[in-house]
Amino acid sequence: MNVTVESAGGAVTVRCQGRLVRGQETVLLCAVIQQHGRDIILDLTGGTAIDAAGIGALVSLQAAGTYLRLVGPSLAVRQILRLTTLDSVFEISKSECSEEPAGRCSE
């Protein structure tokens, strides 16, 4: 898993590439925890899979007070979120711009 963090205009985006699975979830946890409880856009467009450890990382972050908006999860990731009913816990959107105020992504 490769994780990058971008901050622009008060928004923090954490981009994930690869598999959010056991042994790799700590990369995500460390990147998000360093943002000190800020609302996070978690870009999963490059995410290919998620397992119980990855789900646990998302739930742990949410339980710790970090608001996560999941963006662009693959079909496989969306199916796992639906099976675990976490699709009702997290805000999930197709792109970063789909829930943003007008103008943020129109550059």
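Which residue in β3 is the bridge partner of R15? The structure is a predicted model, in which local features need pLDDT of at least 70 and side-chain atom pairs count only at pLDDT 80 or more, while totals for chains, interfaces and linings use all residues. Residues are numbered from 1 along each chain as its sequence is written, and side-chain values use heavy atoms, with hydrogens and water left out.

Helices (H or I, at least four residues) and strands (E, at least two) are DSSP runs, numbered from the N terminus. Two strands pair if DSSP finds at least two bridges between them. Strand β1, residues 2–8, runs antiparallel to β2 and is joined to β2 by seven bridges. These two strands form a hairpin with two residues between them, and G9 in the turn has a positive phi of about 60 degrees. Strand β2 is also joined to β3, by eight bridges, and this pair runs parallel. R15 in β2 stands opposite T4, and the bridge partner of R15 in β3 is D43.

A nonpolar core is a set of buried Ala, Val, Leu, Ile, Met, Phe, Trp, Tyr and Cys residues joined through side-chain atoms within 4.5 Å. Buried means under 20% relative accessible area, exposed over 50%, and partly exposed in between (1.4 Å probe, protein chains only). The largest such core has 21 residues, and those with the most contacts inside it include C16 and L28. Among the elements that each supply at least two residues of this core are β2, α1 and β3. C16 is buried, with a relative accessible area of 1%, whereas C30 is partly exposed, at 47%.
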